[in-house]
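The exercises below are meant to be worked with the sequence and the model open side by side. Try each task before reading its solution.

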Amino acid sequence: MRRDVRGAADVAAIIVIVPLAFGAVLVFVMFGRQGVAAEGVTQAAAVAARAASLERSAAAAQGAAHAAAVATLAAAGTSCTGGPSVSVSATTWDAGGVVDVTVTCHISGIASIGAADRTVSGSARSTIDSYRGYDR
């Protein structure tokens with residue numbers, strides 16, 4: 001009779017432990033996914049800032065930065081809901097000036113575990129190329 005009680009206790013422990021372990025794994029997956037996405041957005045901002053700094057006008061810089069951010073996020077496997085938002089600013093568009101780029105990405109959560117959506121952003125700066133001609 002003692003053996004039956006022990007087996008029932010083992011089954012009860014498994015019924016409790018397996019779902020808890022599965023939940024813990026899902027939480028680690030969620031945090032890992034969000035961490036990788038945040039890192040990818042920061043990398044995309046750096047690449048976009050460099051691409052913008054190589055352009056000859058502010059208008060061309062905006063297009064180049066957006067294209068570079070989209071390509072970098074796609075290569076990293078990071079998908080933004082509605083696409084990334086790319087903001088480019090420079091105080092003056094002259095050789096040696098500084099371009100600031102901010103990339104913002106809305107990442108959907110893991111609905112099966114109730115994780116909320118999250119918005120991550122990354123910023124980077126790059127010096128405008130001093131060996132190129134510029135449109136004013």
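**Exercise 1. Strand pairing**

Task: Determine in which sense strand β1 and β2 pair, and over how many bridges.

Solution: Start with β1, residues 85-90 of this predicted model. This strand pairs with β2 in the antiparallel sense, and the pairing runs over 6 bridges. Next take the pairing of β2 with strand β3, residues 118-127. This pairing is also antiparallel and has 10 bridges. Here V101 stands opposite A124 in β3.

**Exercise 2. The sheet as a whole**

Task: Give the order of the strands in the sheet, and state which strands are at the edges.

Solution: β1 and β3 are the edge strands, since each pairs on one side only. On average, neighbouring strands of this sheet are turned by 15° against each other, with direction ignored.

**Exercise 3. The two faces of β2**

Task: Sort the residues of strand β2 into a covered face and an uncovered one.

Solution: The strand spans residues 98-107. In a regular strand, side chains alternate between the two faces of the sheet. Applied to β2, the covered face holds V99, V101, V103, C105 and I107. The uncovered face holds V98, D100, T102, T104 and H106. Now look for a helix against the sheet: α2, residues 58-76, lies across β1 and β2. The helix runs at about 140° to β1.

**Exercise 4. A salt bridge**

Task: Find how many salt bridges the whole structure has, and say which side chains meet.

Solution: A search of the whole structure gives 1 salt bridge. The side chains of R125 and D100 form this contact, at 2.6 Å from N to O. R125 lies in strand β3 and D100 in strand β2, so the pair ties together parts that are 25 residues apart in sequence. Then compare the accessibility of the two partners. R125 counts as exposed because its relative accessibility is 63%, and the cut-off for exposed is over 50%. D100 has a relative accessible area of 26% and is partly exposed.

**Exercise 5. A nonpolar patch**

Task: Name the residues that make the nonpolar surface patch of about 500 Å².

Solution: The patch is made by V11, I15, V16, I17 and L20. One of these residues, I17, lies in helix α1, which covers residues 2-53. I17 is exposed, because its relative accessible area is 52% and the limit is over 50%.

**Exercise 6. The chain overall**

Task: State the pattern of helices and strands along the sequence, then summarise burial, contacts and surface.

Solution: First count the elements: the protein chain has 2 helices and 3 strands. Read along the sequence, they follow the pattern α-α-β-β-β. Of the 136 residues in the chain, 32% are buried. For contacts, consider those between residues at least 6 apart in sequence: 61% of them join residues at least 24 apart. Finally, the accessible surface of the chain comes to about 8300 Å², and 61% of this area belongs to carbon and sulfur atoms.

Note on methods
Residues numbered from 1 in each chain as written. Predicted model: local features only at pLDDT ≥ 70, side-chain atom pairs only at ≥ 80, totals over all residues. Heavy atoms only, no water. Buried < 20%, exposed > 50% of the residue type's maximum accessible area, 1.4 Å probe, protein only. Helix = DSSP H or I, 4+ residues; strand = E, 2+ residues; numbered from the N terminus. Pairing = 2+ DSSP bridges. Axes fitted to C-alpha atoms, helices over the stretch in contact; angles between N-to-C directions. Contact = heavy atoms within 4.5 Å. Patch = residues over 30% accessible without salt bridge, like charges linked within 9 Å, V, L, I, M, F, W, Y side chains within 5 Å. Areas by Shrake-Rupley, 256 points an atom, 1.4 Å probe, with all protein chains shown as cover. Salt bridge = Lys/Arg side-chain N within 4 Å of Asp/Glu carboxyl O.
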